[in-house]
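This report describes the fold and selected sites of one protein chain. Please consider the sequence and the structure together.

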Amino acid sequence: MELEVKTLSGNASGKVAVGFEVIDGSKGNQSVHDVVVAYTAAQRSGTAKTKDRGEVSGTGKKPWRQKGTGRARTGSRRTNIFTGGGVVHGPHPRDYSKKVNTKTRQLALRKALSERIKDGQVVVVDSLKTESRKTKDLHAQIEALAPKGTVLLVTGEADRNLSLDEESGKLVDKLALAARNIPLVQLVEAEGLNTYEVLWPDVIIISKEGLEKVAVRLNPTKDQ
């Protein structure tokens, strides 16, 4: 399967092969679900914590004698029925992460990309390099390719265009600087692209270099 290649200005610039098998039918639906659930679960910090009766401060003395007072028996001021007492069955720190094997992740990514490609929501550009690091310049280029909605920019490592910042004296990525202040636009590298990120935007703008790197990930060799 081939996709049309465009320039950042929106002009046609030839065609390129997808580089991996596009999935038809329902194959991979469960994998996509499993991977997205695992991804969102991994974002949870799991740091919610309440103190039980053994952790709150307070006396260990029995509040009143066992019998003869007319009141219900109790043995501690640190139980949940008293102010300042412990919480029963409250949350404690835990790990929400779920294990998903490599083949399932690859199938999910292939399935997600296949559906976006078939729906015409993937735009391939010859390069995502930009000479200007100004947000307004990149924003105008993105609007030419994706007039509205959320946009995911997928770049290959070769597309990173570093320049020397005069103020800090450090090398900076002009594309990252230009994209970071555009609302509803995210920038990722092809080697770190995941299924959740593929499903998030309305349009995916990917460079030829990025598409090649994704194809390598989805066509692993026996040595990998």
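The side chain of T195 reaches the backbone nitrogen of L109 at 3.3 Å; a polar contact is a pair of N or O atoms within 3.5 Å, where within protein one must be able to donate a hydrogen and the other to accept it, and residues adjacent in sequence count only if both atoms are side-chain atoms. The model is predicted: local features need pLDDT of at least 70 and side-chain atom pairs count only at pLDDT 80 or more, while totals for chains, interfaces and linings use all residues. Residues are numbered from 1 along each chain as its sequence is written, and side-chain values use heavy atoms, with hydrogens and water left out.

T195 lies in helix α5 (residues 195-199). Helices (H or I, at least four residues) and strands (E, at least two) are DSSP runs, numbered from the N terminus. Leaving aside neighbours within four places in sequence, T195 is in contact with V32, V35, V36, R105, A108, L109 and A112, contact meaning heavy atoms within 4.5 Å.

Buried means under 20% relative accessible area, exposed over 50%, and partly exposed in between (1.4 Å probe, protein chains only).

| Residue | State | Relative accessible area |
|---|---|---|
| T195 | buried | 3% |
| E131 | exposed | 73% |

E131 is located in the loop between β3 and α3 (135-145). The C-alpha atoms of E131 and P220, which are 89 residues apart along the chain, are separated by 34 Å.

Helix α6 (residues 208-218) has G210, L211, K213, V214, A215 and L218 as its buried residues. Their cover includes β2 (12-17), α2 (102-118), β3 (122-125), β4 (151-155) and β8 (203-207).

Six helices and eight strands make up the secondary structure elements of the chain, in the order β-β-α-α-β-α-β-β-β-α-β-α-β-α from the N terminus on. The radius of gyration is 27 Å, well over the 17 Å that the globule rule gives for 224 residues, so the chain is more spread out than a compact globule. This radius is taken over C-alpha atoms, and the globule rule is 2.2 Å times the number of residues to the power 0.38. Along its principal axes, the C-alpha trace spans about 95 × 50 × 35 Å.

Of the 224 residues in the chain, 38% are buried. Among contacts between residues at least 6 apart in sequence, 74% join residues at least 24 apart.
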